[in-house]
Amino acid sequence: MGVLALAFSVISAVAYGVAPLIYRPALQCTSQYRAVGLFSLYSIALGLVLPWRGFDPRGVLSAVSAALLGGVVGSWLYVTSVKAGGAAVGNISSSLYIVLLPLVAGHYRLLPAALLVLLGLVVASAHSSGARRGGAYGVAAAVAWTGSISLYASAVDLLGPGGALLTRGVVVFFATLLLGAGGSVCRVGRLILGGFVDTFVGFGAYTFAVSIGDYVTVSLVMSSYPLITALFERPFMWRRAAGASIAVLGLALVALIG
């Protein structure tokens, strides 16, 4: 993997790991759809800044499909998982796509590394007593994300990072505006800050990394974000540090193979 793609993948992972810790308190009194819709505004803004490759109907179709499957369905499932089970439970359960993605994409050489990353995440988050309901929503999110990632990578390739971000953001915004009509919103400051870290920094860095690197490899590096969540949660536990060490080995293998 190129150094630049690796760097932006790591930035994305850190942002995704920190964001749930910022916005989760707001989810106790905010509609999930309203939260996702607010976050999508950052995608639209960033899409106006990042480069485009031109207009391609196939790219638009891929971006729209990725937005509905991953940005609407997957994001709602993930946010619901965080709301029901906590940040660590939501992150670890939704991380099942780490293994699903190489299998679906046919990148079997990355499977041992993906399993190491997943093992590290499980060890790091095993202390959580999260609700089964939260975990179930997270697994469902992982399945939705697995399908949407390849669609989004195709959109980035055809439209460029700016075009893919803008198209996806517009679709997610209007879909969640419709689905979340009448929903409550509270603690807006946390939503704004959490959305900026999650979408503008995290998803923006991920999109740029996909535009210059292999999307499966980039996605696996980005997928280490639950480690950041687990390590930032207090009190500190050695189990988290052990899980981080295992996952780092997997990430190093990803970088070498990819």
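Tutor: A residue counts as buried when its relative accessible area is under 20%, as exposed when it is over 50%, and as partly exposed in between (1.4 Å probe, protein chains only). The model is predicted, so local features need pLDDT of at least 70 and side-chain atom pairs count only at pLDDT 80 or more, while totals for chains, interfaces and linings use all residues. Residues are numbered from 1 along each chain as its sequence is written, and side-chain values use heavy atoms, with hydrogens and water left out.

Student: How many residues of H9 are buried?

Tutor: Helices are DSSP runs of H or I with at least four residues, strands are runs of E with at least two, and both are numbered from the N terminus. H9 is mostly covered, with seven of its eight residues buried. These are Val216, Thr217, Val218, Ser219, Leu220, Val221 and Met222.

Student: How many helices and strands does the protein chain have?

Tutor: The protein chain has 11 helices and zero strands. Buried residues make up 54% of its 258 residues.

Student: Among contacts between residues at least 6 apart in sequence, what percentage join residues at least 24 apart?

Tutor: Contact means heavy atoms within 4.5 Å. In the protein chain, 89% of the contacts between residues at least 6 apart in sequence join residues at least 24 apart.

Student: How many residues are in the largest nonpolar core?

Tutor: In soluble globular proteins, nonpolar side chains tend to be buried together. A nonpolar core is a set of buried Ala, Val, Leu, Ile, Met, Phe, Trp, Tyr and Cys residues joined through side-chain atoms within 4.5 Å. The largest one here has 58 residues, and Tyr78, Tyr97, Tyr152, Tyr206 and Tyr225 have the most contacts inside it. Helix H7, residues 132-179, gives the most to this core, with 14 residues.

Student: Which residues does Tyr152 touch?

Tutor: Not counting residues up to four places away in sequence, Tyr152 touches Ala66, Ala164, Leu165, Arg168, Phe203, Tyr206 and Thr207.

Student: Where is Thr146, and is Thr146 buried or exposed?

Tutor: Thr146 is found in helix H7, and at 6% relative accessibility it counts as buried. With residues up to four places away in sequence left out, Thr146 touches Tyr97, Leu100, Leu101 and Val104.

Student: Which residues of H5 are buried?

Tutor: In helix H5, residues 97-105, the buried residues are Tyr97, Ile98, Val99, Leu101 and Pro102. H5 is followed by Gly106, whose phi is positive, near 80 degrees.

Student: At what angle do H5 and H9 pack?

Tutor: Two packed helices are described by the angle between their axes and the distance between the axes. Axes are lines fitted to C-alpha atoms, for helices over the stretch in contact, and angles run from 0 to 180 degrees between N-to-C directions. H5 and helix H9 (residues 215-222) pack at about 170 degrees, with their axes 10 Å apart. That angle makes H5 roughly antiparallel to H9, a label for angles over 145 degrees; under 35 is roughly parallel, 65 to 115 roughly perpendicular and the rest oblique. Tyr97, Ile98, Leu101, Pro102 and Ala105 of H5 make the contact with Tyr215, Val216, Ser219, Leu220 and Met222 of H9. These residues divide into nine nonpolar, one polar and no charged. Here Ala, Val, Leu, Ile, Met, Phe, Trp, Tyr, Cys and Pro count as nonpolar, Asp, Glu, Lys and Arg as charged, and the others, Gly among them, as polar.

Student: At what angle do the axes of H1 and H8 cross?

Tutor: The axes of helix H1 (residues 3-27) and helix H8 (residues 188-212) cross at roughly 160 degrees and come within 7 Å. H1 and H8 are therefore roughly antiparallel to each other. The residues of their contact divide into 22 nonpolar, four polar and two charged.

Student: What is the phi of Arg187?

Tutor: Most residues other than glycine have a negative phi. Arg187 is not a glycine, yet its phi is positive, about 45 degrees. Arg187 sits in the loop between H7 and H8 and is partly exposed, with a relative accessible area of 45%.
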